[in-house]
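The following exercises concern a single protein chain.

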Amino acid sequence: FMKGDTQCMKRDSCELFGQHLFAKGGRMLIITEGMDDAIAVQRAYAEKYKGKRYPVVSLFNSNGEAQVINNLDWVNSFEQIILWADKDEAGIKVMDNIAKLLDPGKVKLADSGEYKDANDVLINKGIQEVTNTIWNAVAYSPAGFVKGESIWERFKERKNVAVLPYPEC
C-alpha cells in the first residue's frame, strides 16, 4: 500500500526517500541505495540510541544520481556524508558517481563486508554491526589520488636503501 505521489519514484526531480523528515544541515548524513536499507539503518540507530532519529535517506533506485543532483544543496549541507551502496556493480557505480558530485573531503564509503547491503547486515549480524559499519566507513578518494596519511605510512614501511654520498668537489 502506498499513499501520496507514487509517480515520484519515476521522476528525477523527486526528493530522496526520507529527506522530508530531516532539516537541512547537521553533522552526518547516510545515503543508502534502497529504501529498506535506509529503514534498517534508522532502526539500528533508534534501538541503539534510545529512539533518536538520525538523517538517513535513500535513493529510489541505482540510477539515483539525478535525485542527489536535484537536492545537492541539502545533501552538501551536512558535515559528513556516508554512502552505503549495495554490493553489486550498479550500486557501487552509482555511489562512486555521487561521491564525485559532493564536496571534497566530506564523503565516506561504508562497506557491508560479505553482505549485500545494510538490511542484510542488520538481519544477519544485528544492530551493533550496522553502527560499526557506519563508524568504520573509509574516506572516499578518487582513483589515482593518494592522501598524505598513506604516503607517510609507505614512507615509514620502506626498506633501508643504501645512500651514496655526493662526490667531493
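**Exercise 1. Determine which backbone atom the polar side-chain atom of Thr32 approaches, and describe the surroundings of Thr32**.

Step 1. A polar atom of the Thr32 side chain lies 3.0 Å from the backbone oxygen of Gly34. A polar contact is a pair of N or O atoms within 3.5 Å; within protein, one must be able to donate a hydrogen and the other to accept it, and residues adjacent in sequence count only if both atoms are side-chain atoms.

Step 2. Thr32 belongs to strand S1 (residues 26-32). Helices (H or I, at least four residues) and strands (E, at least two) are DSSP runs, numbered from the N terminus.

Step 3. The relative accessible area of Thr32 is 0%, so Thr32 is buried (under 20% relative accessible area is buried, over 50% exposed, in between partly exposed; 1.4 Å probe, protein chains only).

Step 4. Apart from neighbours within four places in sequence, the contacts of Thr32 (heavy atoms within 4.5 Å) are Asp37, Ala38, Val41, Val57, Ser58, Leu59, Trp84 and Met95.

The model is predicted: local features need pLDDT of at least 70, side-chain atom pairs count only at pLDDT 80 or more, and totals for chains, interfaces and linings use all residues. Residues are numbered from 1 along each chain as its sequence is written, and side-chain values use heavy atoms, with hydrogens and water left out.

**Exercise 2. State how confident the prediction is over the chain and its elements**.

Step 1. The mean pLDDT of the chain (the predictor's confidence in each residue, from 0 to 100) is 85, and 85% of the residues score at least 70.

Step 2. The chain contains seven helices and five strands, in the order β-α-β-α-α-β-α-β-α-α-β-α from the N terminus.

**Exercise 3. Classify the packing of helix H6 against H1 and against H5**.

Step 1. Two packed helices are described by the angle between their axes and the distance between the axes. Axes are lines fitted to C-alpha atoms, for helices over the stretch in contact, and angles run from 0 to 180 degrees between N-to-C directions.

Step 2. Helix H1 (residues 35-48) packs against H6 at about 105°, the axes being 9 Å apart. H1 is therefore roughly perpendicular to H6 (under 35 degrees is roughly parallel, over 145 roughly antiparallel, 65 to 115 roughly perpendicular, the rest oblique).

Step 3. Contributors from H1 include Val41 and Tyr45, and those from H6 include Ile127 and Ile134.

Step 4. The axes of H5 (residues 118-125) and H6 (residues 127-135) come within 7 Å and cross at roughly 140°, so H5 is oblique to H6.
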